[in-house]
Structure formats: C-alpha cells, structure tokens
Amino acid sequence: MRITLIGAGYVGLVSGACFSEFGVDVTCVDLDQGKIDGLNNGKIPIYEPGLDQLVIRNHQAGRLHFTTDTAAAVKQSDVVFIAVGTPERRGDGAADLSYVFDAAKTVARNMDGFTVVVTKSTVPVGTGARVAEIIRQENPDADFAMASNPEFLREGSAIEDFMRPDRVVIGCENEKARAILKELYRPLYLIETPILFTNIPTAELTKYAANAFLATKIMFINQIANLCEAVGADVHHVSKGMGLDRRIGGKFLHPGPGYGGSCFPKDTAALASTAREHGESISIVENVIEANRWQKQRMTTKVRTALDNQVRGVTIGVLGLTFKPNTDDMRDSAALTILPALIADGATVRAYDPEGMEEAKEKMPDLVYCQDAYEACQGVDVVIILTEWNQFRNLDLKRIQAGMKARPDGRYLFCDFRNIYEPPTMVAAGFHYVGVGR
C-alpha cells in the first residue's frame with residue numbers, strides 16, 4: 001500500500017513517520033522546498049521527542065519519502081491524507097479551510113484509479129462533504145471515496161499517541177474505503193486498539209468535542225484554583241480528591257496560566273463558530289474561551305501584586321516560554337500574554353526555555369535570552385516558572401537564591417505558576433512562594 005500525506009507539518013510529518021514504521025510506503029508532500037530539502041538530509045523542522053530517529057530510520061529504509069511534487073505522489077497513492085493547516089480565521093474564529101480546499105483541487109487533478117481521500121486536518125463538520133464536492137467539480141470522472149480520520153496527538157507525546165492511541169476514529173461511508181483503512185491500521189488492531197468507524201460528520205465533530213471538553217476541564221480546575229486562593233484551600237488536594245473519582249479522572253486537572261498550543265485555542269473557537277452558524281448554543285465552550293483569556297491576565301496581576309505593584313525597574317527571571325514542555329511550540333503560550341504586559345510596565349525580563357527560544361525571539365525580541373535556568377535567574381527580583389519542563393523540577397534552590405535580589409523581608413520572590421514545588425518546602429528555604437490555588 002502506498003499513501004501520501006499532503007502537508008509535512010506537525011500532523012503530516014508525525015503521522016507519515018509512524019505509518020512508515022508500520023511498514024507502509026509513505027510520501028510526505030510540502031510546498032516548502034527548504035523544509036523538504038532539510039527532511040531529505042535528516043533535518044527535522046519541529047521538536048518532538050523521538051521524531052528525528054523515526055524519520056531518519058524509515059527514510060534510510062526507503063519507506064519514507066519527501067517531495068514537493070504533489071502530482072506524482074498522488075498518482076501513485078492508494079490513500080491520500082490531507083494534513084495541511086487549518087488556522088483560526090480572523091474575525092469570527094472559524095477555521096480557515098483554504099489550504100484544505102487547495103489540496104482537494106490538487107488531489108482531484110492527479111488521482112489515478114480508486115483513491116481514498118482522507119481529511120487528517122482538524123476541520124469543522126461538513127468539510128468532508130465540501131472536499132468531495134470540490135473533487136467532483138475538478139474531476140467529474142474521479143474514482144474516489146471520502147473519509148475523515150482526525151488526529152489526537154499531544155505535542156511532546158505524539159509518537160506514543162500514534163503508536164498506542166486511546167482510540168482511532170474513522171468517518172467512512174464506503175465499504176471499499178473502509179477495508180483499505182482497516183488494513184492500513186491493522187498493526188493497531190493487533191494490540192486491540194479501539195477503532196471507531198462512523199460517518200464523516202460524526203468523526204469531524206468528535207475531534208472538536210474532545211478538545212473542547214479537555215479545555216473545559218483545564219479551565220474548571222483553574223477557576224477552582226482561584227476560589228481556593230480566596231477561601232484558603234489547596235487546589236492540589238482538591239484536584240487529587242476529584243481525580244480519584246473514576247468518573248472524573250486526574251488528567252487535565254492541573255491548574256496553571258491557561259491553555260495554549262496549536263489545538264485547544266483554535267478548536268474551541270472553531271466549535272463555537274460552528275454552533276453559531278447552526279443556531280445552537282454552546283455557551284460552555286464560549287465561557288471556557290473567555291476564562292482562558294482571563295486566566296492569563298490573572299497571572300500577570302499575581303506578579304504585579306507580589307511586587308506590590310512596583311514593576312518598573314524590576315528584573316524578572318522566567319523559566320519556560322512554550323505552552324507546554326517537550327515542544328518548541330509558542331502558539332498561544334501564556335508567556336505571550338504575561339511577559340509583554342510586564343515589559344510594558346517597565347520590567348526587564350531574562351528568560352530561558354530548552355527548545356522554544358528561537359521562535360520566542362521572533363515574537364518577543366525585547367527579552368534577554370539566557371543559556372540556562374541559572375543565568376536567567378541572575379540578578380533578578382523574582383523568578384517565574386511558566387512551563388513545567390522536567391529540568392525545572394529539581395533546581396538548586398541555593399544557587400537560584402545566590403543570584404537573586406532579596407526582598408526587604410529577606411526572602412526571595414518565587415512565582416511557580418505550574419505548582420511544581422511544594423509551598424512549605426519553598427517557605428522553609430527562604431522564598432516568598434506564589435503558586436496557583438495554594
């Protein structure tokens with residue numbers, strides 16, 4: 001079986017590499033010649049743990065190919081996955097499907113024989129039908145079947161999520177196409193992965209519903225954390241008490257500065273837009289979007305309050321810039337809200353992130369970028385943890401203190417917005433500790 005993934009971005013590259021690991025002949029197509037040249041030379045354009053070895057191994061084995069020649073790749077393929085970007089459209093929050101529709105036209109003009117066309121990109125309900133319509137318009141004689149196969153990859157854990165997923169969702173209404181996709185995913189059948197076959201609209205909506213629910217869970221515990229601060233409770237114990245209920249579970253019950261990344265912000269906005277288009281209320285999701293925006297602003301206020309609203313002239317050390325650990329993704333990171341606001345207040349920001357600084361430099365050129373965590377904390381009035389990278393979990397606190405300026409009371413201000421340190425330990429070590437909900 002030969003397959004093509006149109007789009008060698010995060011979803012296309014990870015999916016293509018993993019399919020090739022299953023023994024499938026895979027071609028990843030992208031219009032960016034520089035990216036393709038880099039991939040053919042073993043240069044991976046994104047940071048994802050383990051992806052470099054997976055790509056290089058399968059490329060050298062002749063199972064994974066990279067090209068800008070979409071026409072040739074489509075002609076030789078049994079299955080074509082559309083895995084291009086669907087960014088949030090300005091103005092209304094809807095998904096911008098222009099890249100998807102352009103890919104559909106290219107597929108229509110170049111398919112040869114029966115082809116399964118699969119939307120792998122996150123797309124709103126009705127996109128599969130629209131793609132099929134475009135293909136028929138471009139090529140009335142095309143022999144194809146549509147399918148939807150949304151991805152559920154977490155940045156930083158994407159390979160494990162693909163190889164050992166909680167489930168695979170496939171929207172498909174053609175028996176021949178269903179048989180082909182079932183064969184493609186046969187390695188996952190062998191490890192008894194739940195594979196849900198449904199219709200295309202259901203598959204499309206499932207991805208949005210799942211992400212919106214997880215975003216809701218995040219913002220629920222954040223608002224509980226804020227309430228904990230008001231009443232003197234500890235959100236760490238509250239979330240543990242909730243998570244031990246098997247109906248709830250402990251995942252995504254970790255308070256912090258709000259969610260970010262490539263999925264939750266745009267998918268919640270797109271789901272809310274879809275609901276409005278169909279005249280349905282989805283106020284829970286709309287409130288989650290607003291709560292996330294407010295939570296990031298709240299973290300800025302917490303820093304100002306901890307500094308007695310005397311921010312001008314203060315130097316701030318920031319550990320972590322990406323929206324989560326094990327990725328270089330800065331999209332909708334809390335840092336992009338919090339740090340420019342503090343700089344506007346007159347602060348100087350020294351920052352370190354293990355993987356995100358190159359992208360951060362483009363978005364926040366006014367920061368002082370450092371070589372490691374200890375350099376970032378040198379000469380600062382306050383340390384802020386914004387991303388819970390493992391290397392920040394066991395810092396040499398005495399070394400951190402040695403580089404910091406003490407407050408008038410002799411303590412050192414430490415804002416842990418990921419709650420990775422225990423308050424009693426930090427207080428005993430001489431820190432004025434500021435967490436989230438504790």
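Start with Leu339. Leaving aside neighbours within four places in sequence, Leu339 is in contact with Val318, Leu321, Val349, Met364, Leu367 and Leu386. Keep in mind as you go that this is a predicted model.

Now widen the selection. Leu339 and Leu321 have the most contacts inside the largest nonpolar core. That core has 60 residues. A second, separate core has 45 residues. To find it, select Ala8, Val14, Ala17 and Leu54, which are among its members.

**Next stop: the sheet**

Switch to a cartoon view. Look for an open sheet of 6 strands with parallel pairing. Follow the order β11-β10-β9-β12-β13-β14 across it. Which strands stand at the edges? Select residues 368-369 for β11 and 431-434 for β14. Each has a single partner strand, so one side of each is left without a neighbour in the sheet.

Pick out Val383 here: its bridge partner in β13 is Phe414.

**Stay in β13: Cys415**

Select residues 412-416 to show β13, then pick Cys415 within that strand. Is Cys415 buried or exposed? Its relative accessibility is 0%, so Cys415 counts as buried. The cut-off for buried is under 20% relative accessible area.

Show what surrounds Cys415. Not counting residues up to four places away in sequence, Cys415 touches Ala306, Val382, Val383, Ile384, Ile385 and Val434.

For a sense of scale, draw a distance from Cys415 to Lys35. The C-alpha atoms are 39 Å apart in space. In sequence, the two residues are 380 residues apart.

**A helix stop: Gln401**

Select residues 397-403. This is helix α17, and Gln401 has its place there. Gln401 has a relative accessible area of 16%, so it is buried. Display the contacts of Gln401: it touches Tyr412, Ala429, Gly430 and Phe431, not counting residues up to four places away in sequence.

**Two loops with positive phi**

Which residue lies in the loop between α9 (186-190) and β8 (195-198)? Select Glu192, which lies in that loop. Glu192 is not a glycine, although its phi is positive, about 60 degrees. With a relative accessible area of 71%, Glu192 is exposed.

Jump to Asp308. Asp308 lies in the loop between α13 (283-306) and β9 (315-319). Asp308 also has a positive phi, about 55 degrees, although it is not a glycine. Asp308 is exposed, with a relative accessible area of 54%.

Rolling a probe the size of a water molecule over the atoms shows where empty space is left. Go to the second largest pocket, which holds about 150 Å³ of space. Which residues are closest to its centre? Select Ala94, Leu97, Pro124, Thr274 and Glu277; they are the closest of the 13 residues that line this pocket.

Colour the lining by type. It divides into 6 nonpolar, 5 polar and 2 charged residues. Then highlight residues 264-277, helix α12. Helix α12 gives the largest share of the lining of the second largest pocket, 4 residues.

Conventions. Residues numbered from 1 in each chain as written. Predicted model: local features only at pLDDT ≥ 70, side-chain atom pairs only at ≥ 80, totals over all residues. Heavy atoms only, no water. Buried < 20%, exposed > 50% of the residue type's maximum accessible area, 1.4 Å probe, protein only. Contact = heavy atoms within 4.5 Å. 1 Å grid on protein atoms, 1.4 Å probe; cavity = no way out; pocket = protein on both sides within 12 Å on 5 of 7 lines; lining within 4 Å. Points joined across faces, edges and corners; volume = space filled by probe spheres on them. Nonpolar A, V, L, I, M, F, W, Y, C, P; charged D, E, K, R; others polar. Core = buried A, V, L, I, M, F, W, Y, C linked by side-chain atoms within 4.5 Å. Pairing = 2+ DSSP bridges.
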